There are 2 protein chains.
Amino acid sequence: MTSITEPRVRDFLLQGTRTGMLAYTASDGRPLAAPVWFTVEDGEVVFNTGGKTAKGRSIARDPRVTLTVDLPEPPYAFVQVQGEARVSEDLDELVRTATAIARRYVGPEQAEEFGRRNGVPGELVVRVRPTKVVSAFDMTD
Amino acid sequence: MTSITEPRVRDFLLQGTRTGMLAYTASDGRPLAAPVWFTVEDGEVVFNTGGKTAKGRSIARDPRVTLTVDLPEPPYAFVQVQGEARVSEDLDELVRTATAIARRYVGPEQAEEFGRRNGVPGELVVRVRPTKVVSAFDMTD
């Protein structure tokens, strides 16, 4: 067990354009995983999704999710954040978080455009409060 | 919907050392995701895990899993393979698949060593027969 605020864990999660693979549960109970663009704020994982998407509907049914980030090349590593999601539809927060997240993944030039596109009614700010964080570094060293 | 045998999908899954993020379900129903080393054989995803690991026990309870692979940089892309897992403890198959998978991720020099290490009683060959495959390419182009 480690913590999302542990510097090595936090730096690993936030390095470059690493995506988070979000595990959630379909309505029939089968487990799904899909990549999300995310950031870390106040010790929580933050991402955006639509309220009507598979992810948004899953979180409404059951807030338990896991976000896992890995280094898919030697020396291999991963951080797994298990947690509970809560959502907000606050428009200012939507635009702010969508812009901050877009800055990470598409760069500053396109961030505002992405922020405006995702910062609209129907979209959600999802914050995942960690309940358990697992990490493994230098797996093949 | 696409297919794991579609060349672009298959090539994406098998490029370089891309890992698969396996979504599975803990005993209390919460969704988890962890990276696995895998290959594709006969239209199925193949990986190894221990029978007593969280992944192995999850598959014994419920064979439904999802393996998602992504490109975590522009132009971003992912392939999501939903499917049903079945396991084998056949030692010859264990050594063969573990060696083939290790060749992909640690290279030919270390593949035999990894194959021998993972090809032992208690380890499983897991084959995931796809039930639904979703892909998205060039997401920010």
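User: What makes a residue buried, exposed or partly exposed?

Analyst: Count the other C-beta atoms within 10 Å of its own, with C-beta atoms placed from the backbone. A residue with 20 or more is buried, one with 12 or fewer is exposed, and anything in between is partly exposed. In chain A, buried residues make up 43% of the 141 residues.

User: What kind of model is this, and how are its parts numbered?

Analyst: This is a predicted model: local features need pLDDT of at least 70, side-chain atom pairs count only at pLDDT 80 or more, and totals for chains, interfaces and linings use all residues. Residues are numbered from 1 along each chain as its sequence is written, while chains are lettered from A and ligands numbered from 1 in the order in which they are written.

User: What is pLDDT, and what does chain A average?

Analyst: pLDDT is the predictor's confidence in each residue, from 0 to 100. Where pLDDT is low, the predicted coordinates should not be read in detail. Chain A averages 96, and 100% of its residues score at least 70. For the complex, the predictor gives an ipTM of 0.96 and a pTM of 0.97.

User: How many helices and strands are in chain A?

Analyst: Helices (H or I, at least four residues) and strands (E, at least two) are DSSP runs, numbered from the N terminus. Chain A has 4 helices and 7 strands. Along the sequence, the pattern is α-β-β-β-β-α-β-β-α-α-β.

User: Which residues of helix 3 of chain B are buried?

Analyst: They are B:Leu94, B:Thr97, B:Ala98, B:Ile101, B:Ala102 and B:Tyr105. They cover an arc of only 135° around the axis, which puts them on the same side of helix 3 of chain B. That arc is taken from the directions from the helix axis to the C-beta atoms.

User: Where is B:Tyr105, and why does it count as buried?

Analyst: B:Tyr105 is in helix 3 (residues 91-106) of chain B. It counts as buried because it has 22 C-beta neighbours inside 10 Å.

User: Which residues is B:Tyr105 in contact with, leaving aside its neighbours within four places in sequence?

Analyst: Two residues are in contact if their C-beta atoms, placed from the backbone, lie within 7 Å. B:Tyr105 is in contact with B:Thr17 and B:Trp37, leaving those neighbours aside. B:Thr17 is 88 residues from B:Tyr105 along the chain, yet their C-alpha atoms are separated by 5.3 Å.

User: What comes just after helix 3 of chain B?

Analyst: There, B:Gly107 takes a positive phi of about 90°.
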